[in-house]
Amino acid sequence: MLTTLIIIPLIGAGLIAFLPGKQEASFYRSLALVLTTLLLIFTLIIGFQFDISNPNMQFTESVPWIAAIGLNYHLGVDGLSFPLLFLNSLLTLIAIYASSKTVERSRFYYALILILNSGVSGAFLAQNLLLFFLFYELEIIPLYFLIAIWGGGKRGYAAMKFLLYTAISGFLVLASFLGLVWLSGASTFDYDPLRSQILPLSTQLLLLAPLLVGLAIKIPIFPFHTWLPDAHVEASTPVSVLLAGVLLKLGTYGLLRFGIGLFLDAWTYMAPWLATLAAISALYGASCAIVQKDMKKVVAYSSIAHMAYILLAAAASTRLSITAATFQMVSHGLISAMLFLLVGVVYKKTGSRDVDFLRGLLNPQRGLPITGSLIILGVMASAGIPGMVGFIAEFLVFRGSFPIFPVQTLLCLVGSGLTAVYFLLMVNRVFFGRLTPELSQIPKVLWSERLPAFVLAVLIVILGIQPGWMVRWNEPQAGLLLTGQSQLETVGNSQTENS
């Protein structure tokens, strides 16, 4: 069943790329929509058959592949990976729906998006470290072309910067995996056998260090973040949706699955430093967002700040904080995707994202009142207003992390407070005041253009009111992941006494 989630988009990409004859771009878009709708339905079927009370891998598939190097085709899904799998299917469908019906080189465009979906799903499902690496690297290729071909004026620079950073990320992750197998003497890259290996702390630290840097680049965490704002600004709206909503989660997923799962002793030792780095990254991202003049850059830097909360929760490594980290991944995916969609609508209708140029767009007569209202809702969710998914995610992160790292958690709370500052500055400048004469003839926004944002807004509110529908997926898995949890709690207690 899990292989189907990888194969469907690959077959779809092949169909779109090699269908005989030349069709209109809308035809390939419709075909991609049908395929991704089927993919989402199939993901939901797996979800309905999933046993939430079982913390172990389910629907497992294992086929020997290249036994000489320990590479097996081994897949599985659990409460940590399924919410991200669903998020990938949903946002891929939304990204294709939000794509222009007249996009140039449409065959190549939709084929790349489907390949990207397949690579991300494979990474979330892989239970073999080498297989995870192959999928982890596969998504770089389509995303590079999606930025380089359909991006903005500086797309070449942004795409190359993304490629270099993520290539280095993959190299470091692979080095850690190879070192683990070599130093442990294992004959396979399968996850479970490697997790049972007991290595000295010094060896674990040696292997954890490149893994942390590699995944920090993907997340991204300060100071490895500089590729992200450039990529977002130059990428088209659908690509930004996938980049922020799904691609960044590969890094945080890797921290939980491999950082904690394989090197718990070293993770315990490094946890205070990781929590401090999370606080610095949160404050840095929020501070940079305040001074941005491009709406897309504001959202991009907010992503850096909000992804840092996941690192804080992972560093704390309590049952609650691990559950919170997964919740925050889904929360950020929904909110950031919604904001990038709506910023894309503003840019499409006004031709600008400059907060110093745009004024009065909430005007009910000639502005973008519904679009502006949805952006305000997304901003409120990102700022952690109660009743929305962002509040629940951040509350769980801070509640789970505070007993272990109180100082770092308080600093991240300051960063959360700054979210309201930079988003309110943006909303006040862009949507309130008098509509400028240059914006007096804004084209109307069709309901079809707002539909993806409405879908995400509904999910943001529903999960904010009923968070248990999401939390119950990961609670059993969090306990299984933390086989040595008491060590971190001891560290946290000593830090609390010192403070």
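Helices α2, α3, α15, α19 and α20 (468-481) each supply at least two residues to the lining of the second largest pocket, where helices are DSSP runs of H or I with at least four residues, numbered from the N terminus. The model is predicted, so local features need pLDDT of at least 70 and side-chain atom pairs pLDDT 80 or more, while totals for chains, interfaces and linings use all residues. Residues are numbered from 1 along each chain as its sequence is written, and side-chain values use heavy atoms, without hydrogens and water.

A pocket is an open set of points on a 1 Å grid over the protein atoms alone, with protein on both sides within 12 Å along at least five of seven lines, whereas a cavity is a set where a 1.4 Å probe fits but cannot get out; lining residues have an atom within 4 Å of a point. Volumes are the space filled by probe spheres set on the points, which are joined across faces, edges and corners.

| Largest pocket | about 850 Å³ | Ala98, Ser100, Thr237, Pro238, Lys348 |

In the second largest pocket, α3 gives the most to the lining, with five residues. For the largest pocket, the largest share of the lining comes from α15, with six residues, and α15 also gives the most to the lining of the largest cavity, with six residues.
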